[in-house]
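Have a look at the sequence and the 3D view first.

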Amino acid sequence: MRTIFAASLCFLLCAAHASAQSPVAAARGLSIDAGLGYAYVRHGESASSPVGLWGGDASFTIGSSRLGFKADLAYARAATIPGTGHHSEVLSYLAGPVFHPTIRRNLGTYVQVLVGAARVSGPVPLGGGGYLLGGWGTGLAWLAGGGVECRVTDAIIIRTGVDYMRTSYFDPSLSYRGQNNLRSTATIVYSFKRRSGRRRLG
């Protein structure tokens, strides 16, 4: 719901301005963007209900107006896991391609596939409602998803998105297994190189 609200707000801010202009895209050339914002992770705790984690996300993207390479660092944490008094954390560091299928003057979309690693920590749920406290593990992680971008000025962009994120952690048998997570982000992006030219979409 948080991401749906953020995306709706982004559309409302840009719709009136974008509708009065013809579809255009940025001219070809190198673009360099840096983003900083909010992240929410619905974390797939084994043998218990999913846990909501809140934190931050930082990213750096270099490429063209259509295709770029993105590095992403995110950290999210739950204050306490019910019944344990201990918190759970996910620290991810990922990188991969990001593609912009739709580009208009003030509103666009993106899809991304990022691969890397994640450090997951927190109580490990055991059978019978018990927990093993203080576990942690680092393993392969990846995500796939997309979202919308609203250009506020030539240099400032508001980006919101939703990703399916795959991490690993210990299950009740203490086997290291994959976990399903849903991540949503709301980010303010600064474009270091402003695009000087425009061309119509063809």
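## Contacts of Leu94

Contact here means heavy atoms within 4.5 Å. Keep in mind that this is a predicted model. Setting aside neighbours within four places in sequence, Leu94 is in contact with Lys70, Ala71, Asp72, Leu114, Val115, Gly116, Ala117, Ala141, Trp142 and Leu143.

## The largest nonpolar core

Leu94 also turns up in the largest nonpolar core, which has 15 residues; together with Leu53, Val90 and Leu143, Leu94 touches the most other members. At least two residues of this core come from each of β3 (51-63), β4 (67-78), β5 (88-103), β6, β7 and β8. Strand β6 gives the largest share, with four residues.

## A nonpolar patch on the surface

Let's move to the outside. Val113, Val115, Leu140, Trp142 and Tyr164 make up a nonpolar surface patch, and their accessible area together is about 450 Å². The elements that contribute two or more residues to this patch are β6 (107-125) and β7 (131-151).

How exposed is Trp142? This residue of strand β7 has a relative accessible area of 33%, so Trp142 counts as partly exposed, the class between under 20% and over 50%.

## Partners of strand β9

Strand β9 (residues 176-191) runs antiparallel to β2 (residues 31-43), and 10 bridges join the two. In this pairing, Ala39 stands opposite Thr185 of β9.

Strand β8 (residues 156-170) is also antiparallel to β9, joined by 15 bridges. Here Thr167 has Gln179 as its bridge partner in β9. β8 and β9 form a hairpin with five residues between them, and Leu174 in the turn has a positive phi of about 65°.

Key:
Residues are numbered from 1 along each chain as its sequence is written. This is a predicted model: local features need pLDDT of at least 70, side-chain atom pairs count only at pLDDT 80 or more; totals for chains, interfaces and linings use all residues. Side-chain values use heavy atoms; hydrogens and water are left out. Patches are made of residues with over 30% relative accessible area and no salt bridge: like charges are joined within 9 Å, nonpolar side chains (Val, Leu, Ile, Met, Phe, Trp, Tyr) within 5 Å. Accessible areas come from the Shrake-Rupley method with a 1.4 Å probe; for residues, only the protein chains shown count as cover. A salt bridge is a side-chain nitrogen of Lys or Arg within 4 Å of a carboxyl oxygen of Asp or Glu. Buried means under 20% relative accessible area, exposed over 50%, partly exposed in between (1.4 Å probe, protein chains only). Two strands pair if DSSP finds at least two bridges between them. A nonpolar core is a set of buried Ala, Val, Leu, Ile, Met, Phe, Trp, Tyr and Cys residues joined through side-chain atoms within 4.5 Å.
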